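Q: Can we go through this model together? I'd like to start with the pocket lining.

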Amino acid sequence: MPKIYLSPSVQEFNHYIDGGNEEYYMYLIADAMEPYLRANNIDFDRNQPQMTLSQVIADSNAQTYPLHLAVHSNASSDSAAGKNTGAEIYYYPTSADGKRFAEILANNYKRIYREPGNVRVIPATALAELRRTKAPAVLIEVGYHDNRQEAQWIRDNIDTIARTLAQSVAEYFHQDFREP
């Protein structure tokens, strides 16, 4: 049975423009992913909201996972706050499996995202969850939470995002996707 480490953001300090925070909404997405993962016989472990990022990485590295998925929402710099849109999918540049999963995820995410042409796959070395995890890792920024329309789109599409992420995990493991 395939198994992943599911890592919703632990950034409760990252506030959404009109209420709530990144940790809260990313945990809702991870919670909504669980029935889809179970229906597809994909086992998972998850981080906990009280963990620090270093603890999340150590927890992921404590076992051997074939995939680590970090789920985040993005925020712009102060000068661009509220202006940016887009979904960004990051992978470590030397990870062929990470890149393969990032591309699968992007192809599926474009089907649901409000601006399909604004879904980008980006190699990155600075993100700790990509650089320090043993498993091939991908970090998705599902949208910009400092943009009022994007934040509302995230809230309105928790289950759709979760389903798409789980569908992408199933595809990564060469499985036909099954609904719960």
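Q: Which strand gives the most to the lining of the largest pocket?
A: Strand 3, with three residues. Strands here are DSSP runs of E, at least two residues, and helices are runs of H or I, at least four, both numbered from the N terminus. Lining residues have an atom within 4 Å of a pocket point; a pocket is an open set of points on a 1 Å grid over the protein atoms alone, where a 1.4 Å probe fits, with protein on both sides within 12 Å along at least five of seven lines.

Q: Is this predicted or experimental, and what are the ground rules?
A: This is a predicted model: local features need pLDDT of at least 70, side-chain atom pairs count only at pLDDT 80 or more, and totals for chains, interfaces and linings use all residues. Residues are numbered from 1 along each chain as its sequence is written, and side-chain values use heavy atoms, without hydrogens and water.

Q: Which residues are closest to the centre of the largest pocket?
A: Gln11, His72, Leu127, Leu139 and Glu141, out of 23 lining residues.

Q: Switching to the sheet, what is the strand order?
A: The order is 2-1-3-6-4-5, in an open sheet of six strands with mixed pairing. Two strands pair if DSSP finds at least two bridges between them.

Q: Which strands stand at the edges?
A: Strand 2 (43-46) and strand 5 (119-123); each has a single partner strand, so one side of each lacks a neighbour in the sheet.

Q: In what sense do strands 1 and 3 pair?
A: Strand 1 (residues 3-8) and strand 3 (residues 68-74) are parallel, over four bridges. Proline 8 has valine 71 in strand 3 as its bridge partner.
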